[in-house]
Amino acid sequence: MSEVMSDAGTSTDTHCPYCALQCGMRLRPNAEAAGGLEIVPRTAFPVNRGALCGKGQTANEVLASGARLTEPLVRRVRGGELTPATWEEALDRIAAGLSRTRARYGPDAVGVFGGGGLTNEKAYTLGKFTRLVLGSSQIDYNGRFCMSSAAAAGTKAFGVDRGLPFPMEDIPRTGCVILVGSNLGDTMPPALRYFTELRENGGTLIVIDPRRTKTAEQADLHLAPRPGTDLALALGMLHLVVAEGRTDEAFIAARTSGWEEARAAAMAHWPELVERITGVPVPELRRAVRMFCEPDAAMVLTARGPEQQAKGTDTVGAWINLCLATGRAGRPLSGYGCLTGQGNGQGGREHGLKADQLPGYRMLADPAAREHVARVWGVDPDVLPAPGRSAYELLDALGRDTPDGVRALLLMASNPVVSAPRAAHVEERMRSLEFLAVCDVVLSESAALADVVLPVTQWAEETGTMTNLEGRVLLRRKAADPPAGCRSDLEVLHALAGRLGWEKGFPTDPEEVFDELRRASAGGKADYSGITYRRIAEEDGVFWPCPEPPSPGATAPSDDPSNDHSATPHPGTPRMFLDRFAPPDGRARFTPVTHRPSAEEPTAEYPVLLTTGRVLAQYQSGAQTRRVARLNAAEPGPFVQLPPRLAERLGAAEGDRLAVISRRGRAVAPARISRDIRPDTVFMPFHWPGEGRANTLTNPALDPTSRMPEFKVCAVRVELAETAPGPETGATTGTT
Ligand code: SF4
């Protein structure tokens with residue numbers, strides 16, 4: 001291990017285990033604190049300057065949770081109980097289960113599902129393990145559910161996808177920010193200060209959300225469109241931009257292509273039509289356009305609201321079109337960005353967890369990309385499988401007795417029983433698998449279904465890199481020893497690879513893995529080759545792309561911008577696109593897009609729209625945060641937020657149990673009556689299993705490009721439920 005590592009006897013500078021803000025924190029040994037580590041502010045890290053939300057403040061409690069797995073579990077008899085086993089037995093059983101399935105049905109009958117919380121090193125190794133050791137194309141991860149629509153739209157428009165193409169510190173210095181479908185006041189509270197500072201500096205904030213959230217309360221203008229209509233809203237704004245002569249013709253001519261088609265598509269969305277579709281009055285639309293266009297610089301930031309739709313890619317494309325038409329991209333303090341949700345959602349797909357991608361953001365279908373990565377891996381490019389299925393499609397194929405069914409699954413750091421759309425169906429698919437192995441820190445609802453469960457190390461017990469929402473590569477350092485009985489995911493993959501005939505190529509030292517990752521990414525869009533553990537430690541993060549400069553005297557192509565032959569380290573790239581966009585001609589692309597309805601619109605039987613999201617005190621499927629007493633006390637269970645008029649129609653009072661019913665199932669949770677939500681919409685948070693599981697209801701209709709499911713809008717009806725809890729469709733075995 002490198003000498004930049006802190007040892008466990010002193011304070012260790014590291015980062016929060018949860019969301020993509022990756023707040024800096026310091027861990028100080030303290031026998032009185034949970035997990036023997038006290039969390040203290042680290043004000044020098046620029047992104048959060050010491051601030052942490054409740055999840056970060058209590059992250060050490062998960063280390064010491066009584067729910068922690070500390071020995072492997074195996075199910076020796078089908079339908080029997082999970083019982084303790086040795087590591088040798090558990091690993092042997094997994095290797096036998098995977099190879100038996102492969103021998104009987106072929107390599108694609110074995111699937112792998114990863115998580116957006118895995119470090120870059122783990123994501124890289126899991127992708128390599130799947131494609132080389134298993135020879136399977138069937139790998140994807142829950143990061144697909146996080147920001148794949150923004151990734152697809154960003155790639156189309158700019159030629160490369162990095163969540164934010166600028167650092168967060170630029171936000172307070174721009175003139176206006178449109179925040180679309182993000183409630184960062186709850187999801188990443190320390191980020192709220194950037195928007196407070198923006199307003200203190202005279203800038204303005206527009207929040208677009210069907211609910212008046214904590215974030216919307218901060219806004220100068222809050223627009224509350226019907227769920228599923230953000231695309232029409234963006235098109236209506238672009239229509240007004242054109243009609244009011246606010247386009248930046250010089251920028252369009254010099255730095256973009258495809259404007260005429262995009263312009264024609266937008267002009268079909270006149271403001272009155274947009275008001276009818278979205279419910280946003282025309283004067284508010286005009287005001288938003290004025291606020292966005294009048295300052296010299298402005299930004300649009302999207303999150304899951306517009307992205308988790310079956311038209312998410314087009315919706316983000318429409319917001320990017322607005323930026324391009326007004327010259328608010330590729331310039332200082334202006335641009336489009338996506339606020340990534342999961343801790344390493346960005347790095348996961350950059351390094352091979354996505355079904356169609358190889359390390360360095362190379363595409364698996366590209367022969368040159370296959371050639372490069374195969375060379376680093378020491379194999380023939382023909383060995384690499386073709387692109388596989390997207391996350392929901394993979395989950396839907398589990399256990400199917402068909403030639404393309406996935407019969408065995410290795411699941412790492414993900415809990416699809418709670419977090420996948422149409423979750424009761426996904427749970428049923430997982431139950432039909434011939435073999436399921438899960439690596440996790442607790443017995444999540446998904447792990448509880450497994451044939452073998454491996455207890456793995458987490459966060460402060462291991463070292464690895466994460467790539468935050470700004471594209472800043474960070475080092476999470478080991479600060480404590482794991483409980484006896486736990487091993488790291490890298491050790492697990494090393495041991496499994498060895499049992500399956502790969503003695504070499506799967507190291508357990510994260511820095512050794514990172515050095516290989518750097519070589520595999522060299523020359524790719526997400527080029528990490530110039531980033532080292534030492535540099536990250538010294539600079540507190542390095543932004544990709546960061547190519548390694550050619551060694552002195554080396555010959556590089558004359559048009560290669562890094563061809564200075566000086567061996568001066570590349571500084572990293574905090575701000576992208578200032579000179580040129582990434583397509584070969586250097587121009588950003590407009591995409592002609594038009595509004596279309598959601599996959600499910602309200603009907604007489606299902607007259608209300610359901611939207612889902614997160615709350616302040618819980619994170620994703622809750623596998624970790626539901627184990628923290630303080631977080632559970634703050635937000636102990638699911639609820640249905642509904643408007644007063646709907647409550648009145650139902651005869652429902654605050655706290656009454658409500659049944660929310662969609663075409664996929666029924667969920668039951670107490671009522672929270674609120675004026676802060678549109679009259680045609682209800683909201684449920686998605687962190688819990690059991691009868692209140694919101695994802696029992698959600699629609700797996702997929703975006704045709706990004707394959708993102710439509711989590712954010714489906715049609716439901718709401719009824720008063722019986723007062724005592726009863727058996728419900730899709731109820732699961734909760735572990736908390
Ligand atoms: Fe952790 Fe995100 Fe909270 Fe920061 S905002 S402390 S990274 S959960």
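Author: Happy to! Let's start with C323, whose sulfur has its closest cysteine sulfur in C293, 10 Å away, which is too far for a bond. A disulfide needs a pair of cysteine sulfur atoms within 2.5 Å, and the count by this rule is zero disulfides. C323 is also buried, since its relative accessible area is 0% (buried means under 20%, exposed over 50%, partly exposed in between, with a 1.4 Å probe and protein chains only).

Please remember that this is a predicted model, where local features need pLDDT of at least 70, side-chain atom pairs count only at pLDDT 80 or more, and totals for chains, interfaces and linings use all residues. Residues are numbered from 1 along each chain as its sequence is written, and side-chain values use heavy atoms, leaving out hydrogens and water.

Now find the ligand. Cysteines turn up here too: C16, C19, C23 and C53 are among the residues around the ligand, each with a heavy atom within 4 Å of it. Of these, C23 counts as buried because its relative accessibility is 8%.

How far can you trust the picture? The protein chain has a mean pLDDT (the predictor's confidence in each residue, from 0 to 100) of 94, with 95% of its residues at 70 or more. Residues 1-8 fall below 50, and this stretch has 21 contacts beyond near neighbours in sequence, a contact being heavy atoms within 4.5 Å. Residues 555-565 are also below 50, with 12 such contacts in the model.
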